[in-house]
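Colleague: I'm new to this one and would like to know what stands behind the labels. Could you take me through it?

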Amino acid sequence: MMESLFYIAALVAVMSTVAALTRANAIHALIYLIVSLLAVAVLFFLMGAPFAAALEIVIYAGAIMVLFVFVIMMLNLGESGVAREQEWLTPRNWVVPGVMAALLLLELILALRHAPALTSGISVDPKAVGLTLFGPYILAVEISSMLLLAGLVGAYHLGRRFIVRREKR
Amino acid sequence: MSPADFTALLPLLVLAGTATVLMLQVAFLRSVNVTAGLAALGLAVAALSCITAASQAPLQVTPLLQVDHLALLFCAVFCLAGAVTVLLSLDYIQCHGDEPEEYFLLLVLSTMGACILASASHLASLLLGLELLSVALYALIAYPNKSILPLEAASKYLVLSGAASATILFGFALLYAASGTLSFSELGLRLATLDGADPILLVGSAMVFAGLAFKLSAVPFHLWTPDVYSGAPAPITGFLASVGKAAVLLVMLRLFLEADLLRYRILIELTGLMAIFSMLAGNLLALLQSNIKRMLAYSSIAHIGYLLIIFMVSLDLGSRTLAIEAAAFYLVAYTVTTIAAFGLLTVISANQAERENVELHHVNGLFWHSPLLAGLFLVSLLSLAGIPLTAGFIGKFYIFNAAVSGHNWILLGALIVGSAIGIYYYLRVVYHLSRRPEKHHTQPKAAGGWLTRGLACALILGILLLGMLPQPLMSYLQSIL
């Protein structure tokens, strides 16, 4: 019974990812991407990694929500923007992701009532994650910081290309 | 972590320190010369600190890194290659990018990624090192923001390399699911107790291998190579082709030996097949190119083919040490030669509007108006072709020797055929170098001050020294393996 929860969440993850890849409209694709990330978070939770599940939601789903807000901010200008949003929000577009998300919520509630690790039997709490990261894996944390620095500097320089061009105009 | 651990990590600490100092310096004072000087100094000190670190080797520092003599040797080689790239890029980047300072910071970070790969003994450090190397390279390839070619090259590399990293990661997940460990040596122990025919383990290691083969640009994962090489700035192409590939090959060798993936005979036979295809396809396609950078890209595919031979040779326990020795020597020789060849291309193509493109006719008659540069370029081409008295010859001879000792006759045949084709297209460039310059044709004026020329001379001296006096490096390699 509990394993069926895993398979349902996995199915939701795969289906929403396929939908995210095939949508022509970026907003609709983003909605499916969020559902996909939520499904992965539920999978983590069922496996006994509540901390990873929380991070998945905070970092990935959260970041995409921010992206979402930015898109709406940039596009929503005046009457035409309102009309466009009306067009986007036809029931055809939100019912399916809504049902998927509701299914995931239901699973989460069911899982919460039972032991923390439903499919693996071992639960890893945040303290254990922290102890491992800053114990044997301390160098991985340090190398990641360098990786982030490389990403940041690279993104800054590549983004400059467009800023400089706009200023020239 | 004990003091010994810190000593062993000294090269990495120096690199991380250099990156931090550069970041702060760029934030407060923008000056290309200061940044480049600091970067070159930091890289040189990191290379020197490998000698200090060697007193502690071999040492396992946390589960992630295994600092042994081979890792430190390549750390030093990568840092020196990074320092040379910094100095070679100085002139290029001043003309072709606004805000050129971050370029050097990214180069230091990329070198650090390569050093981490050289000493990785854990799947996590493998992935982090690989990503550090490639993420910095994406930005470096796209750095000159006045022309469109580098941007195209960088986006191709970003998308394809990202897909390869995802494949590697998926492979790691499968390996972990079946074995329950991420450390190379423990993986080897677990695999020995597990069922050898477990499809999950086999698929997992095949995915890791495919991803790494993509980074090495072995046929059939080579399609990105010519476009990226021809679009990227020439010094970065040299760095990518030498350090980027040597680091990946080194970590792949370590993974296959320590995790004992050699037990999967079918996987190793696949590397042999890939080696044959890379040698033949790389050399044959190089024949068709009129752009020198694209030609060198295909020739680098062929060189990876030569190197992949050693995996088949390693199957034979008696020749395993010889195979590793051959690979290490070949990698050192190949790194020096590639950096030299691309460095000279940077100098030769200095005054062109589209500096990323170097066609064969651009070098027409170079012997007649700048004999020094042409002579140096000639030596690096001969070393790539594997002509005696150069480093490339000894490297190829080593691989040849290993293949003979492992009785891999088919691979040996492909190596000989490939090298024979190779000589033709390398010498075609030499033919163009020595042609009488046409009167109406404007000559490419070679740029670069005494620094670039001195550096080029030093590199060529290195190639010749490795070719004529290979014994010190050979005996050092024998003593550490």
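Colleague: What is the radius of gyration of chain A, and what would a compact globule of 169 residues have?

Modeller: One thing first: this is a predicted model. Chain A has a radius of gyration of 20 Å, whereas a compact globule of 169 residues would come out near 15 Å. The C-alpha atoms of chain A occupy a box of roughly 60 × 45 × 25 Å along the principal axes.

Colleague: And what is chain A built from?

Modeller: Seven helices and zero strands, so the pattern along the sequence reads α-α-α-α-α-α-α. As for burial, 25% of the 169 residues of chain A count as buried. Among contacts in chain A with a separation of 6 or more, 68% are between residues 24 or more positions apart.

Colleague: How do you know whether chain B agrees or disagrees with the globule rule?

Modeller: Set the two values side by side. A compact globule of 481 residues would have a radius of gyration near 23 Å, and chain B has 21 Å, so chain B agrees with the rule. Its C-alpha atoms fill a box of roughly 75 × 55 × 40 Å along the principal axes. Chain B has 20 helices and two strands, and 59% of its 481 residues count as buried.

Colleague: Which parts of chain B touch chain A?

Modeller: The contact involves 27 residues from chain B and 19 residues from chain A. On the chain B side, helix 2 (10-28), helix 5 (101-119) and helix 6 (123-141) each supply at least two residues. Helix 6 of chain B gives the most, with nine residues. By class, the side of chain B that touches chain A has 20 nonpolar, three polar and four charged residues.

Colleague: What makes K245(B) count as buried or exposed?

Modeller: A neighbour count. K245(B) has 23 other C-beta atoms within 10 Å, and the cut-off for buried is 20 or more, so K245(B) is buried. K245(B) belongs to helix 11 (residues 234-258) of chain B. Leaving out residues up to four places away in sequence, K245(B) touches L216(B) and I304(B).

Colleague: And how do you know how to class V32(B)?

Modeller: By the count again: V32(B) has 16 other C-beta atoms within 10 Å. Buried needs 20 or more, and exposed needs 12 or fewer, so V32(B) is partly exposed. V32(B) sits in helix 3 (residues 32-53) of chain B and touches Q94(B), P100(B) and E101(B), residues up to four places away in sequence not being counted. The C-alpha atoms of V32(B) and E102(B) are 9.2 Å apart, although 70 residues separate them along the chain.

Colleague: What about phi in S217(B)?

Modeller: Most residues other than glycine have a negative phi. S217(B) is not a glycine, yet its phi is positive, about 55°. S217(B) lies in the loop between helix 9 and helix 10 of chain B, and it is buried because 27 other C-beta atoms lie within 10 Å. D260(B) also has a positive phi, near 50°, but D260(B) counts as partly exposed because it has 17 C-beta neighbours inside 10 Å.

Colleague: Last one: where are the cis peptide bonds that join A57(B) to P58(B) and V219(B) to P220(B)?

Modeller: P58(B) is in the loop between helix 3 and strand 1 (59-61) of chain B, and omega of the A57(B) to P58(B) bond is about -5°. P220(B) is in the loop between helix 9 (199-216) and helix 10 (225-231) of chain B, with omega near 5° for the bond from V219(B).

Key:
Residues numbered from 1 in each chain as written. Chains lettered and ligands numbered in written order. Predicted model: local features only at pLDDT ≥ 70, side-chain atom pairs only at ≥ 80, totals over all residues. Helix = DSSP H or I, 4+ residues; strand = E, 2+ residues; numbered from the N terminus. Rg over C-alpha atoms; globule rule 2.2 N^0.38 Å. Contact = placed C-beta atoms within 7 Å. Nonpolar A, V, L, I, M, F, W, Y, C, P; charged D, E, K, R; others polar.
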